[in-house]
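Subject: A structure for you to look at

Hi there,

Here is the structure I promised to pass on. Please open it beside this email and follow along.

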Amino acid sequence: RRAVVTAALLVTVAAPLTGCGARMPFFHRRPGPAVPRSAAPSVPAAAVAHERNEADASHPYWAYERARRAGADSAGVAEDELRRALGADPSYAPALALLSKHYYESGRHAEGVALLAVVLREPGSFDAKSRARLLSGLALHQDALGNAAEAREALVMAREASEREALAAEVYVTLRGSSPDSAAARARELARHEPRSAAGQNNVGITLLRSGDVDGARRAFETAIERDPSLPGSYYNLAILEKYWRFDDEAAARRFAEYWSLSHDDPDGLSAVFTRVVAQATPQKGDRR
């Protein structure tokens, strides 16, 4: 059975991936509007900082900035502002990245593919790093739609633009694919390049657990939690590890309770195993808490 692990959907979608087999770990996305879900969008400040003093109030940066400030609590307002920015400049990379992430988190993958098609039509409109990030986002949307060939093609182009910028999406798509074990070296490379990335550490943990290094996997998952305690996936993976590798039911239930307090997505059906945790977390009729 497959458990979905949401990759750190890069700039574009920016933020972890899939584990294969019964009770295999996953890199979970953060829950909806309240998410990446898998990691915040990493639209680099440097990419837009030079525009902060832009005198023209109609410049797309200002609509992008209003969208960024609106955040998850005003998703509709943010989307309108991003569309306004792209209306002024259809190839404005920061707005494309943030809107793509919004589409990814809300499951609007076909819209994400259509949005990012501009990078295929007009590759010369983007610098190498932006092109790699947007192509990586395109790969994630295609992968979510089950279009494996299209996802691989987008990743090839992303790597050609900037191998490092494409790395997170490459690890994610590989872990979701038919040969997840081949992601091990790239996952470790990602963790070296992005030592503060919770998603990267989680993905390393998955590859270590697959290889039988249970202690190493536990350290990686715990490091991911230290990096970002609000990202649910590593708690879920630790519940799997404690239950099925360490046979420690108490520790597994504790980790699942931590996970369940953050998200109720359950790709591997652990809620049927930890029924007491679920029952305790579910308010009873008449409970006003």
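This is a predicted model: local features need pLDDT of at least 70, side-chain atom pairs count only at pLDDT 80 or more; totals for chains, interfaces and linings use all residues.

Residues are numbered from 1 along each chain as its sequence is written, and side-chain values use heavy atoms, leaving out hydrogens and water.

**The helix pair**

Two packed helices are described by the angle between their axes and the distance between the axes. Helix H4 (residues 93-105) packs with helix H7 (residues 128-144) at an angle of about 15 degrees, and their axes are 10 Å apart. That makes H4 roughly parallel to H7 (angles under 35 degrees count as roughly parallel). Helices here are DSSP runs of H or I with at least four residues, numbered from the N terminus. Which residues of H4 meet H7? They are Ala-93, Leu-96, Ala-97, Ser-100, Tyr-103 and Tyr-104, and their partners in H7 are Ser-130, Leu-134, Leu-140 and His-141. Contact means heavy atoms within 4.5 Å.

**Two single residues**

His-109 belongs to helix H5 (residues 109-116). Is His-109 buried or exposed? With a relative accessible area of 12%, His-109 is buried (buried means under 20%, exposed over 50%, partly exposed in between, with a 1.4 Å probe and protein chains only). Leaving aside residues up to four places away in sequence, His-109 touches Tyr-103, Tyr-104, His-141, Ala-144 and Leu-145.

Gln-280, in helix H15 (residues 275-281), is exposed, with a relative accessible area of 60%. Its C-alpha atom is separated by 9.3 Å from that of Ala-257, 23 residues apart along the chain.

**The aromatic rings**

Rings of Phe, Tyr and Trp (its six-membered ring) pair if their centres lie within 6.5 Å; planes under 30 degrees apart count as stacked, over 60 as edge-to-face and the rest as tilted. By this rule there are five aromatic pairs. One of them, Phe-256 with Tyr-259, is tilted, at 6.0 Å centre to centre and 40 degrees between the planes. Both residues lie in helix H14 (residues 249-260), three residues apart, about one turn of the helix. Phe-256 also forms a stacked pair with Phe-274, at 4.9 Å centre to centre and 20 degrees between the planes. This pair links distant parts of the chain, with Phe-274 in the loop between H14 and H15. Phe-256 and Phe-274 are both buried. Tyr-236, Phe-256, Tyr-259, Trp-260 and Phe-274 form one aromatic cluster.

Happy exploring!

Terms used: Axes are lines fitted to C-alpha atoms, for helices over the stretch in contact, and angles run from 0 to 180 degrees between N-to-C directions. Helices (H or I, at least four residues) and strands (E, at least two) are DSSP runs, numbered from the N terminus. Angles under 35 degrees count as roughly parallel, over 145 as roughly antiparallel, 65 to 115 as roughly perpendicular and the rest as oblique.
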